[in-house]
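Hi,

Here is the model I said I would pass on. Have a look at it first, and my notes follow below.

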Amino acid sequence: MTSPQNGPESLDRHLLTGMMDIMTDHVFILRREGPRYRLVYCNQAMANFMRQRPADLCGRRLDEIVPDPKLYQRIAGNYDRVLEAGHILRFEETTEGFEANQVRIFDTCLSPMPGTDGDALYICGISRDTTARREAELALQQANETLETQLAENQELHRQLEEEAIRDPLTNLFNRRYFLESLTRELSRAHRETYPVTLMMLDIDHFKELNDSHGHSVGDQVLVEVSQRLCAGMRKEDVVCRWGGEEFLIMMPGLSLADAHVRIMSWRRDHSPMAVQLPGLSLAISFSSGLATAPHHGTTTDDVINATDKALYEAKTNGRNQVRLYRQPA
Ligand SMILES: Nc1nc2c(ncn2[C@@H]2O[C@H](COP(=O)(O)OP(=O)(O)OP(=O)(O)O)[C@@H](O)[C@H]2O)c(=O)[nH]1
């Protein structure tokens, strides 16, 4: 008994052709004839794409199959390149110019091959339609870009919301909640590292009168103006807050009571009375302020704020337009 021979048998042409015709990729062979090319083989998929039968395409010159000179030049240029390179080339091409209504993308592999007689030169090619994959990639890329934009917008919105949650909407100063959180944090750090934290409460004098005489909107403009001048006069580590209606509370970490006093007196030299110019109206605003410091006048937020409030009260009851330092009861 003879055993079957190992290795591929030489197959009949109709078997090979049959196999090529069940492929969805375009398979084709061209022969170079001088400066031109002749299609010597194409499979069913390629013929379908050209809307012809394989028998009607095979044997025809490329310039007959593709009469448009620009299109011909584009296709033949690829074949020239692969023959010049002498090895397999792979590239992406489109069917632009072939079909009026739809441009498809192909991934094409071309290989130069000598004929059996040694003289003739052939190009074997396989083209795969990658349009759907590329469209999916493009859609994914666009979806990613949209997501990234949305993410950036959401982050910005989140940042704005966080900012709004700690700011007073009229003056844009920090609000009471943020101030209390910051003061709690600062007092415990100051305790660990032994430095003073001085508070100043500043209140606009006779603000009710101003509102009553000139209206709430003028009052609002004064509040905004005072806020801006207060911020401009403080260090970047100070926390300036709108404590209530026309009352401001400022935390000055690391400043002793005496240093804070010097600072506020200097601020008052420039800003009290504060001239506020509004259309048809010239105002002179005065302030009363109270100062207290931790740990000297208290170590908790409540204690030090109460001490500051009491110092302010003294400034008010003592005739306004002045600064008072907290004095501990004897
Ligand atoms: N325009 C404006 N007025 C406000 C705002 N919040 C509070 N007020 C007003 O601020 C005024 C505060 O009045 P008072 O507490 O009597 O203080 P004052 O008139 O400055 O008196 P002294 O502090 O004793 O000098 C009230 O009339 C409030 O209506 C605000 O956001 N805008």
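**Loops first, then the pocket**

Asn321 sits in the loop that runs between H11 and strand S12 (323-325). Keep in mind that this is a predicted model. Although Asn321 is not a glycine, its phi is positive, at about 50 degrees. Asn321 has a relative accessible area of 40%, so it counts as partly exposed.

Thr194 is another non-glycine residue with a positive phi, near 50 degrees. You'll find Thr194 in the loop between helix H7 (176-193) and strand S6 (197-204). Is Thr194 buried or exposed? Its relative accessibility is 68%, and the cut-off for exposed is over 50%, so Thr194 counts as exposed.

Now for the cis peptide bonds. One joins Ser272 and Pro273, with omega at about 5 degrees; Pro273 belongs to the loop between helix H10 (257-271) and strand S9 (274-278). The bond from Ala294 to Pro295 is cis too, with omega near 5 degrees. Pro295 is in the loop between strand S11 (287-294) and helix H11 (301-317).

On to the pocket. Helix H1 (13-21) and strands S1 (26-33), S2 (36-42) and S5 (121-129) each give at least two residues to the lining. By type, the lining has 11 nonpolar residues, 2 polar and 1 charged.

Cheers

Note on methods:
Residues are numbered from 1 along each chain as its sequence is written. This is a predicted model: local features need pLDDT of at least 70, side-chain atom pairs count only at pLDDT 80 or more; totals for chains, interfaces and linings use all residues. Side-chain values use heavy atoms; hydrogens and water are left out. Helices (H or I, at least four residues) and strands (E, at least two) are DSSP runs, numbered from the N terminus. Ala, Val, Leu, Ile, Met, Phe, Trp, Tyr, Cys and Pro count as nonpolar, Asp, Glu, Lys and Arg as charged, and the others, Gly among them, as polar. Buried means under 20% relative accessible area, exposed over 50%, partly exposed in between (1.4 Å probe, protein chains only).
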